[in-house]
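Me: I have a structure open and would like to work through it step by step. Could you help me read it?

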Amino acid sequence: MFLRRIARPLMMMAKVKETTGIVGLDVVPNAREVLINLYRKTLEEIKAVPEDEGYRKAVESFTRHRLSVCQEEADSEMIEKRLGCGQVEELIEEAQDELKLIGHMNEWKPWGIPDDYECEVIENDAPVPKHIPLHRPGPLPEEFYNTLEAITSGKLETSKKDEPAIASGESQSK
């Protein structure tokens with residue numbers, strides 16, 4: 001009886017997270033320390049990517065920010081609130097995925113394209129190889145071309161500021 005009276009309020013003050021509410025994602029009791037270590041490792045491994053690459057700049061930027069928040073805040077809830085990127089357990093998964101991606105990027109070296117590399121440019125209606133998807137938009141409506149012509153030729157009439165463009169009860173289609 002004595003322990004219940006003393007222990008229960010102490011446990012309520014400790015705010016122990018019981019579940020993430022996400023199936024398959026377990027609670028990490030020392031999430032802050034795990035995140036700090038992952039972010040430090042990410043900043044170390046990203047150094048293998050050339051300094052002028054956008055990928056490195058982006059990863060370093062958001063990782064430094066997240067690391068500083070984790071170092072400034074002791075409470076996982078405050079880390080989650082300040083970063084606004086989900087629960088700390090989700091952040092751990094993201095950091096682990098980023099580390100894997102850095103390894104792949106270092107293997108693939110997408111920045112290693114030689115300056116004299118020439119790529120084939122397909123113009124107009126030249127036949128497109130089957131392995132390249134076609135992303136050609138459909139034709140625009142005739143109304144678009146009429147409006148464009150009126151604008152470029154200066155023949156477009158603008159409505160007066162006091163008059164509404166469409167009066168109530170007036171049909172929009174003519």
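This is a predicted model: local features need pLDDT of at least 70, side-chain atom pairs count only at pLDDT 80 or more; totals for chains, interfaces and linings use all residues.

Me: Where does Asn106 lie?

Reply: Asn106 is part of helix α5.

Me: And which residues is Asn106 in contact with, leaving aside neighbours within four places in sequence?

Reply: With those neighbours set aside, Asn106 touches Glu45, Ala48, Val49 and Trp111.

Me: Let me step back. How many helices and strands are in the protein?

Reply: The protein has six helices and zero strands. Read from the N terminus, the order of elements is α-α-α-α-α-α.

Me: What percentage of the residues count as buried?

Reply: Of the 174 residues, 21% count as buried. The protein exposes about 14,400 Å², and carbon and sulfur atoms supply 54% of that area.

Me: What about contacts between residues 24 or more positions apart?

Reply: Among contacts in the protein with a separation of 6 or more, 57% are between residues 24 or more positions apart.

Me: Back to α5, then. At what angle do α2 and α5 pack?

Reply: The angle between α2 and α5 is about 20°, and their axes are 10 Å apart. α2 is therefore roughly parallel to α5, since angles under 35 degrees are classed that way.

Me: Is the crossing of α2 and α5 left-handed or right-handed?

Reply: α2 passes α5 in a left-handed crossing.

Me: Which residues of α2 and α5 meet?

Reply: From α2, the residues are Ala31, Val34, Leu35, Leu38, Tyr39, Lys41, Thr42 and Glu45. They meet Val88, Leu91, Ile92, Ala95, Gln96, Leu99, Ile102 and Asn106 in α5.

Me: Next topic: which residues of α4 are buried?

Reply: Helix α4 covers residues 76-83, and its buried residues are Ile79, Glu80 and Leu83. Viewed down the axis of α4, these buried residues fall within an arc of 95°, so they line one face of the helix.

Me: Why would residues three or four places apart point the same way?

Reply: An α-helix has 3.6 residues a turn, so residues at that spacing point the same way.

Me: What do the buried residues of α4 pack against?

Reply: They pack against α2 (31-45), α3 (54-72) and α5 (88-108).

Me: How do the axes of α3 and α4 cross?

Reply: The axes of α3 and α4 come within 9 Å and cross at roughly 145°. The crossing of α3 past α4 is right-handed. Here His65, Arg66, Val69, Cys70 and Glu72 in α3 meet Ile79, Arg82 and Leu83 in α4.

Me: Staying with α3, is Arg64 buried or partly exposed?

Reply: Arg64, which is found in helix α3, is partly exposed at 47% relative accessibility. The C-alpha atoms of Arg64 and Tyr39 are separated by 7.6 Å, although these residues are 25 residues apart along the chain.

Me: One last topic: which residues have a positive phi?

Reply: Examples include Gly84, which follows α4 and has a phi near 65°. Another is Lys109, a residue other than glycine, with phi near 50°. Lys109 lies in the loop between α5 and α6 (142-153). Lys109 is partly exposed, with a relative accessible area of 46%.

Definitions and conventions. Residues are numbered from 1 along each chain as its sequence is written. Side-chain values use heavy atoms; hydrogens and water are left out. Buried means under 20% relative accessible area, exposed over 50%, partly exposed in between (1.4 Å probe, protein chains only). Helices (H or I, at least four residues) and strands (E, at least two) are DSSP runs, numbered from the N terminus. The arc is that of the directions from the helix axis to the C-beta atoms. Contact means heavy atoms within 4.5 Å. Accessible areas come from the Shrake-Rupley method with a 1.4 Å probe; for residues, only the protein chains shown count as cover. Axes are lines fitted to C-alpha atoms, for helices over the stretch in contact, and angles run from 0 to 180 degrees between N-to-C directions. Angles under 35 degrees count as roughly parallel, over 145 as roughly antiparallel, 65 to 115 as roughly perpendicular and the rest as oblique. A crossing is left-handed if the near helix is turned anticlockwise from the far one by less than a right angle, and right-handed if clockwise.
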